[in-house]
Amino acid sequence: MLCWPRLLLPALCWVLFAPQTSAQAADECSERCDLYHGHCDEEGVCRCDPGWHGRFCEDCVRMPGCAHGSCHQPWQCMCHPGWAGKFCDKDLLICDQANPCQNGAECVSEPDGEHSCICPEPFRGTNCELKRGPCDTAGSPCLNGGTCQDDGGFADTFACRCLAGYVGRFCEVDVDDCLMRPCANGATCHDGINRFSCECPLGFQGRFCTVNINDCASRPCHNGGRCYDRVGDYECYCPKGFIGKSCEIPLPEPTWANDQATSRRDQTTAPPPAGFSQPARNPPASPQPGAGNFKISVFTQKEPRLSTRQMVIVAVFGGLTAFLVLITATVLLWYRNRGSGSMGCCRETVPATKTHYHECQDSRKTTEL
């Protein structure tokens, strides 16, 4: 209950005083608003026409950019005393109040608000702020678009600020952009001015020749072959029954089946041996009911025979073997007979005198030595 007075009081005040306030605003607007430059709306507010502003549309809008000026009509720029120019931004008293000329130069005011400086030697520039230094003396020495810098003429020597792609004191050296070998995969690098280009080998593309061209993109493998990309080439894994670079050649049927069929036909049609008559070719009897039909295939194989060259080689090796055996036997027999003779001499002299026995032994030792 205590909150109701607080809620009703603002509403009651608005009902009692709002109409009176709106009426007063409307009266004030109609009295003070410049009806030549605006009009009053329903709420008693003065609305200005384009080019005018202010609470009652009493001020004109100056030209945009007007620095030191005023207006009597919209978009005017009427300069204040001591200022000139289209935007009233030229100071007519600049030489008297703030001399812009430097290094002892003489300032001269112009009627349009501009000024000029009479520079002493060796200075130059709009306000004599520059000095004729090494760049002027050398006569623009920088090449290939380089900029000469000498700290406004106050430096002892000049320096060239080169454009990208050039180096050197006078910017006379073109930088070799291929020096770092930017092209990959054996590509050829062509130097340019602050740039390079790569001439890619077969199978590669891209700015640096790093992209391998997909040679399988055109589907070169036929008959269901599987394609594998290679460098500048492709390889096809062919299915069974096909060969060739692109699996385009079908394989012929195996020849062993035809050879077996031909061998069987030759065996059945071969002539009978001498002394035998050719049996009559009677039609085969019809199979008896319940009897099984069997086919027996007989394959004959010829005995291998040695060629003439092989027979010559066997005969030569056989002769050499026999000769070696004969020589070995002869040597053994000779040594055997020699040993038997020496032993026999000693045996025969055993019953003899001791002197003859010792002579035999000495002769045997001498022979062995």
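**Overview. Salt bridges in the predicted model.** A search of the whole structure finds seven salt bridges, a salt bridge being a side-chain nitrogen of Lys or Arg within 4 Å of a carboxyl oxygen of Asp or Glu. The model is predicted, and local features need pLDDT of at least 70, while side-chain atom pairs count only at pLDDT 80 or more. Side-chain values use heavy atoms, with hydrogens and water left out.

**View 1. The salt bridge between Glu114 and Lys90.** The side chains of Glu114 and Lys90 meet at 3.0 Å, N to O. This pair links distant parts of the chain, with Glu114 in the loop between β9 (106-109) and β10 (115-118) and Lys90 in strand β8 (residues 90-91), 24 residues apart; helices (H or I, at least four residues) and strands (E, at least two) are DSSP runs, numbered from the N terminus.

**View 2. The salt bridge between Asp136 and Arg124.** The closest N and O atoms of Asp136 and Arg124 are 2.9 Å apart. Asp136 lies in helix α3 (residues 134-138) and Arg124 in strand β11 (residues 123-124), so the pair ties together parts that are 12 residues apart in sequence.

View 3. Asp150, found in the loop between β13 (147-149) and β14 (159-161), is buried yet has no salt bridge, and the nearest side chain of opposite charge, Arg124, is 5.8 Å away. Buried means under 20% relative accessible area, exposed over 50%, and partly exposed in between (1.4 Å probe, protein chains only); Lys and Arg count as positive and Asp and Glu as negative, whereas His and the chain ends are not counted. A polar atom of the Asp150 side chain lies 3.0 Å from the backbone nitrogen of Gly153.

Terms used: Residues numbered from 1 in each chain as written. Polar contact = N/O pair within 3.5 Å; in protein donor to acceptor, adjacent residues only side chain to side chain.
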